[in-house]
2 protein chains.
Amino acid sequence: MTSVLEVCAAAKAAAPAVARATTGQKDAALAAMAAALEAGADGVLAANARDVEAARADGTTAAMVDRLTLTPARVAAMAGALRELVALTDPVGQVVRGFRLPNGLDVRQVRVPLGVLAMVYEGRPNVTVDAAGLALKSGNACVLRGSSSALHSNRALTALLRDALVASGLPADAVVLIDDTSRQSVKELGRARGLVDLLIPRGGAGLIQAVVTDSQVPVVETGVGNCHVYVDRAADLGRARAITVNAKAQRPSVCNAAETLLVHAAVAEAFLPAVAGDLRDAGVALVGDDRAQRLAGAEPATDEDWDTEYLDLRLAVRVVDDLDEALDHIARHGTLHTEAIVTEDRAAARRFAAEVDAAAVMVNASTRFTDGGEFGFGAEIGISTQKLHARGPMGLQELTTTKYVVEGDGQVRG
Amino acid sequence: MTSVLEVCAAAKAAAPAVARATTGQKDAALAAMAAALEAGADGVLAANARDVEAARADGTTAAMVDRLTLTPARVAAMAGALRELVALTDPVGQVVRGFRLPNGLDVRQVRVPLGVLAMVYEGRPNVTVDAAGLALKSGNACVLRGSSSALHSNRALTALLRDALVASGLPADAVVLIDDTSRQSVKELGRARGLVDLLIPRGGAGLIQAVVTDSQVPVVETGVGNCHVYVDRAADLGRARAITVNAKAQRPSVCNAAETLLVHAAVAEAFLPAVAGDLRDAGVALVGDDRAQRLAGAEPATDEDWDTEYLDLRLAVRVVDDLDEALDHIARHGTLHTEAIVTEDRAAARRFAAEVDAAAVMVNASTRFTDGGEFGFGAEIGISTQKLHARGPMGLQELTTTKYVVEGDGQVRG
């Protein structure tokens, strides 16, 4: 087993070749990677079957086993995701700003790759392929540290990707897998200063917290979303019902699903019984404060409920007396991900959009729209809930940095 | 003495009011702060005299005492710097991107303040005023942790600034000073997760390294610059002489000054004796490799010299056989700050600009131009040498993040 630092050093050595590759070379490699996945699907499925068997033997939950399991269709989808990257604009070389200084110097701020991108993630093997593809298209080498449960799958996938890179004239080490799936390996990755330019944890709150608090390399936090829908006194209640149900139940296991519903007292009697019926029809269990218990038939909520990202068909409901109380609740319990207001009142919408501190604020739209695909960025590597570098869906552009290129004719500073 | 976390919490509580303040309110407060510095100059100078006296008694070097010392002219310059901020464009509210999705949702990515900006810095009291002003103009509250040597000065300055904030209708805690100048307070500041949105260390390499490796809040590294000037075989040697002397000697104590000169072997005999004379005239001592010793009369360089940021009238000189050797030297010894090439060869310039990994690459210009003022950004809070969030001179824009505001008419996700 190669050490974590050796793996990172290999990626760093490969990074300049990836950074220099033209868009044409990178796109050809992405296509080759997609073809390799298809040609090698049997081997991937066989390796995955070992992981799935071990997971079942360990008593892993059915939901987790499902996330781990690959099928021919899922392998084909991974190949399809790589081909979709070909169609996206290459951010490398874009001029972000450019200007001429009074002394004649021409300054350009140019987008360049970060260098080495590292990811720590759980469960799903498709993240291996998605991350490798996004890193390559944005000109970065990548270091992948998946979970032990998916190790055989990830080994088979990265072996195919690496062969395809070499066949495309790029270094194999542009994609490297950390074989060591101990907690210690995550720690070592977070200490790989000078080797890792960006570390992205993607998974549960525990993993993210551990990476953020213990890393010395630059980290972008992703994912935890305790998202709220606030139904204002001036809400169109039909819209509010549709948005609430969609935000909670359309796909409850993801970070942009809503976890708490806040309802203005003035519309609580008209709104809550109706939306409670819609939610129950969608299979959602309700917990709430006194008024929500009375009007929506919710079970009593505990203090903990307001801070819980259920990721499940469960919703906390609270009646608030005004917009201030809603804003205060969100400020105390939100995770800076996505917050929605439903209102026809311009002033309330404007204030909510201005004062809520979050990556995304929705006015009369479902929280589920905070998504790189929905925003038209193509694939995303995660949704940043921090304020530094990237906030919200992270596409190719967010995997780059910039460099100032200054051209002159011998200018010196006076 | 208030605890570090209490100080940070006070700033966090003040942050929303600063974020909501209009440009007019912030500019009025900046003007009031400038006037307060002028009106209170005597008190500031008296406090500073105590710091200077203590520093002298401690045997502090003359250079350090000079950096610490305030004069009526220096206080006036601090007030002037605040007034210059009034003229700069407020980045808050700028729309970075905006587009309509196929489903009719309008998406705007809007610049918003980070929230609470913390700075750890050494020596010069003007950083206190500059940081407070930049934070305010960009809509952030700030937490300042200056050095113990400047504590009386910093207390006097922040007291004036806080009074001016209150008089302008903004909370005093928009600018807070950490009184505790122990090493422990820096550690606590770095652990203030949820209270500090960005921590910027500004000072020597030791301080920066300590903050970066021990912090759990987002950090931007600034400042260390082991910058190189590479004189190519196709250089205009007259320009090369002027650029070398300017990059080294115009202001040797700053991070964008050059520390190493690399000279292509083909021009070493024509260039080195001449530039060595220029440099000696400017008071610069030379160390170098064998060829530099012979051609420039340099003293022998040790391995350590190539990695040393002298910040002094001292230059390491090496003769390289080709551009590759120069690029390799820079990759091994550079600190990702600023690297310069002097050449009339288009291909060499293009390759150097593409392959050197640094915040700024200069082609036929002095390294000294990597500067927020020179780039037209107005004041800068530091020069980022990391790749995440901000790279190169950090002006007002780099002290903000963004928020997606999405407006719809009841859209839900299908």
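Predicted model: local features only at pLDDT ≥ 70, side-chain atom pairs only at ≥ 80, totals over all residues.
## Where the two chains meet

Let's start with the contact between the chains. On chain B, 55 residues are in contact with 55 residues of chain A. Which elements of chain B give two or more residues to that side? They are α9 (205–214), α10 (237–249), α14 (346–355), β13 (360–365) and β16 (400–411). Of these, β16(B) gives the most, with 11 residues.

What kinds of residues does chain B put there? The side that touches chain A divides into 27 nonpolar, 16 polar and 12 charged residues.

## A strand pair across the chains

β16(B) also pairs with a strand from the other chain: 5 bridges join it to β13 (residues 360–365) of chain A, and the two run parallel. If you want a spot to look at, find A365(A), whose bridge partner in β16(B) is Q411(B).

## A four-stranded sheet in chain A

Now for chain A itself. Here you'll find an open sheet of 4 strands in the order β5-β4-β3-β6, with parallel pairing. Each of β5 (175–177) and β6 (198–202) has a single partner strand, so one side of each is left without a neighbour in the sheet. Neighbouring strands are turned by 20 degrees against each other on average, ignoring direction.

Take β3 (residues 116–121) and β6(A): they pair in the parallel sense over 5 bridges. Along this pair, L117(A) stands opposite L198(A).

## Helices on the sheet

Helix α1 (residues 4–20) of chain A packs on the sheet and touches β3, β4 (141–145) and β5 of chain A. Its direction makes about 150 degrees with that of β4(A). Helix α7 (residues 151–167) of chain A lies across β4 and β5 of chain A, at about 155 degrees to β5(A).

Definitions and conventions:
Residues numbered from 1 in each chain as written. Chains lettered and ligands numbered in written order. Contact = placed C-beta atoms within 7 Å. Nonpolar A, V, L, I, M, F, W, Y, C, P; charged D, E, K, R; others polar. Pairing = 2+ DSSP bridges. Axes fitted to C-alpha atoms, helices over the stretch in contact; angles between N-to-C directions.
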